[in-house]
Every structure is written in C-alpha cells, then in structure tokens.
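Take a look at the structure below.

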Amino acid sequence: MAARETAALQLTDDLIGQPGSLSAEQVANIRAHYSDAEIAELALGVGLFLGMSKVLITLGLEPEDMVTTVVPTPGS
C-alpha cells in the first residue's frame with residue numbers, strides 16, 4: 001500500500017477510534033501527503049459516513065446480515 005493511502009487510513013482510524021489521539025508525527029505524515037483542503041474533505045467524509053451509520057443502526061435500518069461492532073461512547 002502506498003504511503004498516501006496509509007496516511008489516509010491512519011487518519012480514519014484515529015477519527016473513528018480515539019479522536020484527538022493524533023501525535024505530532026502523525027499530523028506531519030498526513031500533511032506530507034495531503035493539502036489542508038484534502039485533509040478537511042477526508043475528515044468530513046469519515047464523519048458523515050460514521051454519523052449516518054449510527055443513525056441507520058439506531059433506526060434499525062442496517063442489513064440483517066451486517067456485522068456490527070459496538071464501541072462505547074467516551075465518558076459513558
């Protein structure tokens with residue numbers, strides 16, 4: 001996998017898993033591969049998909065055969 005894709009996946013993992021956990025080194029790596037506009041687009045895209053998946057699951061609209069992972073809300 002190319003370094004550019006790896007940086008995008010790292011950003012995605014950090015946004016979904018533990019927001020605010022990006023180290024200065026990770027931020028520098030992402031900035032080395034993407035412009036500020038591209039980083040914003042990636043982050044907003046991930047956020048929109050994550051939010052929509054939560055809405056669909058809450059409404060019971062996910063496919064019956066879809067594997068789901070329950071991640072506790074921080075602070076709950």
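What follows is a short walk through the chain, from its overall form to single residues.

Keep in mind that this is a predicted model. Start with the fold. How many helices and strands does the secondary structure come to? The chain has three helices and zero strands. Read along the sequence, the pattern is α-α-α. Now consider how spread out the chain is. Its radius of gyration is 15 Å, well over the 11 Å that the globule rule gives for 76 residues, so the chain is more spread out than a compact globule. The spans of the C-alpha trace along its principal axes are about 40 × 25 × 20 Å.

The accessible surface of the chain is about 5900 Å². Carbon and sulfur atoms account for 63% of that surface. Buried residues make up 11% of the 76 residues. Contacts tell another part of the story. Take the contacts with a separation of 6 or more: 50% of them are between residues 24 or more positions apart.

Now go inside. In soluble globular proteins, nonpolar side chains tend to be buried together. Which residues form the largest nonpolar core here? There are six: Ala-7, Ala-8, Leu-11, Ile-30, Tyr-34 and Ile-39. Helix H1, residues 3–17, gives the largest share of this core, with three residues. Set aside residues up to four places away in sequence, and Tyr-34 touches Arg-4, Glu-5, Ala-7, Ala-8, Ile-39 and Leu-42. Among these partners, Ala-7, Ala-8 and Ile-39 are also members of the core.

Charged residues come next. Side chains of opposite charge can pair when their charged atoms come close. The chain has two salt bridges. One joins Arg-4 to Glu-38, and their closest N and O atoms are 3.5 Å apart. This pair links distant parts of the chain. Is Arg-4 buried, exposed or partly exposed? Arg-4 counts as partly exposed because its relative accessibility is 35%. Glu-38 has 31%, so Glu-38 counts as partly exposed too.

Asp-36 has a relative accessible area of 53%, so Asp-36 is exposed.

Move on to helix H2, residues 24–33, and find Gln-26 there. Gln-26 is partly exposed because its relative accessible area is 21%, and the cut-off for buried is under 20%. What does Gln-26 contact, leaving aside its neighbours within four places in sequence? The partners are Gln-10, Asp-14 and Ser-21. Gln-26 and Leu-11 are 15 residues apart in sequence. In space, their C-alpha atoms are 8.2 Å apart. Leu-11 is one of the core residues.

Finish on the outside. Met-52, Val-55, Leu-56, Leu-59 and Leu-61 form a nonpolar patch on the surface. Together these residues have about 470 Å² of accessible area. One of them, Leu-56, sits in helix H3, residues 36–58. Leu-56 has a relative accessible area of 34%, so Leu-56 is partly exposed.

Note on methods: Residues numbered from 1 in each chain as written. Predicted model: local features only at pLDDT ≥ 70, side-chain atom pairs only at ≥ 80, totals over all residues. Heavy atoms only, no water. Core = buried A, V, L, I, M, F, W, Y, C linked by side-chain atoms within 4.5 Å. Buried < 20%, exposed > 50% of the residue type's maximum accessible area, 1.4 Å probe, protein only. Helix = DSSP H or I, 4+ residues; strand = E, 2+ residues; numbered from the N terminus. Contact = heavy atoms within 4.5 Å. Patch = residues over 30% accessible without salt bridge, like charges linked within 9 Å, V, L, I, M, F, W, Y side chains within 5 Å. Areas by Shrake-Rupley, 256 points an atom, 1.4 Å probe, with all protein chains shown as cover. Salt bridge = Lys/Arg side-chain N within 4 Å of Asp/Glu carboxyl O. Rg over C-alpha atoms; globule rule 2.2 N^0.38 Å.
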